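Thanks, everyone. I have one structure to go through today, and I will keep to the geometry. Please have a look at it before I start.

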Amino acid sequence: MGDIRQSLLPRDVLSAAKELLYHLDIYICNLVQSGRQPPQVDSKTLELVEEFILHAPKDRNTPARRMSALQELQLLEIMCSCFQEQSRDTVRQLMFSALFNLQGNQADESRMALLGKLVSMAIAVGRVPILECAATWLQRTHRVYCVRLAQVLVDDYCSMVPGSVPTLQNIHSASPRFCCQFITAVTTLYDLTSEELTPPLELLQMIVSWIQDDPRLVLITFLNTPLSGSQPISSLDVTPLGGLVRWCIKAPLVYRKDKKQALMNGSEESEPEAGPLFSALHLSVLQVFMLLPNILNEKGLYGRLALLQMESLAALTSDLSRLLDQADKHTHTSSADTHALSQLALDRLAQALQVAMASGALLCSREDLRAICSRLPHNNLLQLVLSGPVMYYNNIHTPPLAFSPHAAHSPIASHPTLPTHPTIPTHPTIPTHPTLPTHPAHTPHTPLATHPSSHPQYSAQPFMTGMPFPFRPSH
């Protein structure tokens, strides 16, 4: 395509860009039809894209070509039509890559600016092919640039234009793949480390409604992508589960602090409460975890692929420890409220760890968990999770062995004196016998406290109220 440069130079910027898109489409179609594997756009074509679409000067002596705002809008409309009219997904993906794959040069800033505007327009006018291409781009690009694209979309639809959130919400039905990648990018962007990195409530409401309506939404990239070693190390996580878990656990402390600051500044408005939203999100995330065993088994990945990484959990527990220290030192609420919010955050951490391990999303030992949670304050539920493995029972009515009322000794039925008692089976007045409480046959029960245990390797455990799952300490 390098020979068309001379014909593009005399044209105005919009006409040149439109002509180049037309030739680029033909060039990529021929490339795909040639059967070359893998099809790859040559460097001269990429240089033409940078010069006539991204308007990066070819050399220092050439003045940069600039578009007016109206011309830029017209270019975006032309690009939307170009992708919409191309029926072959392979051609669309290659074309999108030629336009927006980062090359590590000065034109990358122009690429990111044009990409943000194109994707924002595609959301507004419902151009699904562009959203599908953008989903692939988000999957393959460095997370720093994915976060930048997410920030542009949040600014456009949650900040700049009031009432435009429903338009963004439609991406759930228009392109679930893009929606999943958008959630992953947003949870990477807003890590709740500062007020600026706290997600807007409109965005939070939207994500909660998406996952409540379709819990499998957050697994779409994982379900539809062949996992291999070619996945870029610096790319986004394959699911947004790690970021969503971080939101739910840190939210009780972060949003309480923000609300108190708003009250002190006198700027609180009638906004929806964040607490119920994060509670609903936490429940939805746990439900997603419960879907994973069957999915991982079907893919042959159960016990082999961790969707939650220990490194991210270690960073989360470190952040949580810092937030808890700050809550104790600089609280604007009563100590009882602070303690309740701290325990809520720790309860959610314990629940997430337990369900993630039970579902196969988290692959680690209890010793690893105890190491990363060692700086956290005491929490009953977290202590149970860190202490031992879960025991599973086919019959839910069967009491857990460690807490059976006879766990520390042999069953009563095997006691040597009961089967040979001469009178209990036929005694006619047992129901009203006045001396039954002191019947001599029951006195041998007193030594049972020292009777050999049927499980001598485990000591008898006291009953713990409120325990949500069977528990046995590890030794």
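Keep in mind throughout that this is a predicted model.

How is its lining made up by class? The lining of the largest cavity has four nonpolar residues, two polar and one charged. The residues themselves are Gly242, Val245, Arg246, Leu308, Ser312, Leu313 and Leu316. Two elements give two or more residues to that lining: helix H14, residues 241–265, and helix H16, residues 310–329. The volume is about 50 Å³. A search of the whole structure finds one cavity of 30 Å³ or more, so this is the one the search returns.

Now to H16 again, this time for its packing on H17. The axes of H16 and H17 come within 10 Å and cross at roughly 170°. The cut-off for roughly antiparallel is over 145 degrees, and therefore H16 is roughly antiparallel to H17. On the H16 side the contact uses Leu313, Thr317, Leu320, Leu324, Ala327 and Asp328, and on the H17 side Thr338, Ser342, Ala345, Leu346, Leu349 and Leu353. By class, that contact divides into eight nonpolar residues, three polar and one charged. Leu313 is named in this contact and also in the cavity lining.

H17, residues 335–359, has another partner in H15, residues 274–299. Which way do these two run? Their axes come within 8 Å and cross at roughly 15°, so H15 and H17 are roughly parallel to each other. The crossing is left-handed. From H15, the contact takes in Gly275, Phe278, Ser279, His282, Leu286, Phe289, Met290, Leu292, Pro293 and Leu296; facing them in H17 are Arg348, Gln351, Ala352, Val355, Ala356 and Ser359. The residues of this contact divide into 10 nonpolar, five polar and one charged.

Last, two points about the backbone. Most residues other than glycine have a negative phi, and most peptide bonds are trans. Where does the model depart from that? The peptide bond from Gln37 to Pro38 is cis, with omega near -10°. Pro38 sits in the loop between helix H2, residues 13–33, and helix H3, residues 43–52. The other point is His55, which is not a glycine but has a positive phi of about 60°. His55 lies in the loop between H3 and helix H4, residues 69–85.

That is what I have; I'll take questions.

Note on methods:
Residues numbered from 1 in each chain as written. Predicted model: local features only at pLDDT ≥ 70, side-chain atom pairs only at ≥ 80, totals over all residues. Heavy atoms only, no water. 1 Å grid on protein atoms, 1.4 Å probe; cavity = no way out; pocket = protein on both sides within 12 Å on 5 of 7 lines; lining within 4 Å. Points joined across faces, edges and corners; volume = space filled by probe spheres on them. Helix = DSSP H or I, 4+ residues; strand = E, 2+ residues; numbered from the N terminus. Nonpolar A, V, L, I, M, F, W, Y, C, P; charged D, E, K, R; others polar. Axes fitted to C-alpha atoms, helices over the stretch in contact; angles between N-to-C directions. Parallel < 35°, antiparallel > 145°, perpendicular 65-115°, else oblique. Left-handed = near helix turned anticlockwise from the far one by under 90°. Contact = heavy atoms within 4.5 Å.
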